[in-house]
Amino acid sequence: MRRCRLLPLPALLGCLLLGACASQPPVTGPQAAATPPTPQTMAPALIAQVPESGPLTLPAEPPAAVALVAEGRKYLRGEEIPVDEGRAFALFQQAADLGSPTGRYRLGLVHLTSREGRGDPQKAAQLILPLAQQGHPDAAFLLGLVASGFTPAPSLLPAAGESSLRQAPYWFNIARRAGQANARRAYEQQLAAMREDGVIPAGSGTGDDFASAIRFKGRIASSDEGVPLEYRTIGPLFPGWKRQSQALIEQEGKHYDVLTLVNEHQQKVLVYFDISDWIGMGKAR
């Protein structure tokens, strides 16, 4: 079987997300593998306090906070002005004080990446983890990167090998449903590569909701042919996850097979397949 190409995009996105590419030197050698925590000390995985399906929308940012965050990012990145982490931190704090989730998130990133004495992993966790639980797109995406091993941050997600890795699809799914553009683009590119390489069946769609439900290419004679294709799809995308349920749903005259998947942390993801064109379900292809 051909191997799926591993895209470098998530690693690059993690670097850009933390705003660290310009200021931090590249890693020149392999990092020592973290020792997995014992079951007695391993903290329970976070469960997001959001619906298990459908788009996620956060409350609107306070208008004054939007400008503060934008100005803070300019100082942090040195966009047309000298880099000034202290000024950026103060602006993010002002935005957070106005009730801005993005202001709190940016504060958390400074605590996570600071090279000027503001590094505080525990404060970063206190700011970022509640946001991820609430479905903040960037915070959820960051947890996905951490779970994947692209962005080491033990205060956010203790390294735990395969157990940690299996949390990544959960947080990436939340990030995509919350509209995180990088998460959506990376997933679409990964699916395209996996389909081209024959790792998952040819088709279209991401499966995140009804509108983006996965459709297989070619003629599907029956559910006996189509359902195994569904399983061949979710296997590589959700390694180690289990099927909790499978439901046939009719929505606006179309038919969908909706699979609920669960990992050992009781984190759940719903995957949508459009089966309207399968023989016996509607008009054949």
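Me: Phenylalanine 238 and tryptophan 241: buried or exposed?
Reply: Phenylalanine 238 is buried, and tryptophan 241 is too. (Buried is under 20% relative accessible area, exposed over 50%, partly exposed in between, with a 1.4 Å probe and protein chains only.) This is a predicted model, where local features need pLDDT of at least 70, side-chain atom pairs count only at pLDDT 80 or more, and totals for chains, interfaces and linings use all residues. Residues are numbered from 1 along each chain as its sequence is written, and side-chain values use heavy atoms, leaving out hydrogens and water.

Me: How many aromatic pairs are there in the whole structure?
Reply: The search finds 6. Phenylalanine 238 and tryptophan 241 form an edge-to-face pair, 5.5 Å centre to centre with 70° between the planes. (Rings of Phe, Tyr and Trp, by its six-membered ring, pair with centres within 6.5 Å; planes under 30 degrees apart are stacked, over 60 edge-to-face, the rest tilted.)

Me: Which residues form one aromatic cluster?
Reply: Phe210, Tyr256 and Tyr272.

Me: OK, arginines. Which ring face does arginine 176 lie over?
Reply: That of tyrosine 187, at 3.6 Å from the ring centre. (The cut-off: NZ of Lys or CZ of Arg within 6 Å of the ring centre and within 35 degrees of the ring normal.)

Me: And arginine 243?
Reply: Arginine 243 lies over the face of tyrosine 231. The distance to the ring centre is 3.8 Å.
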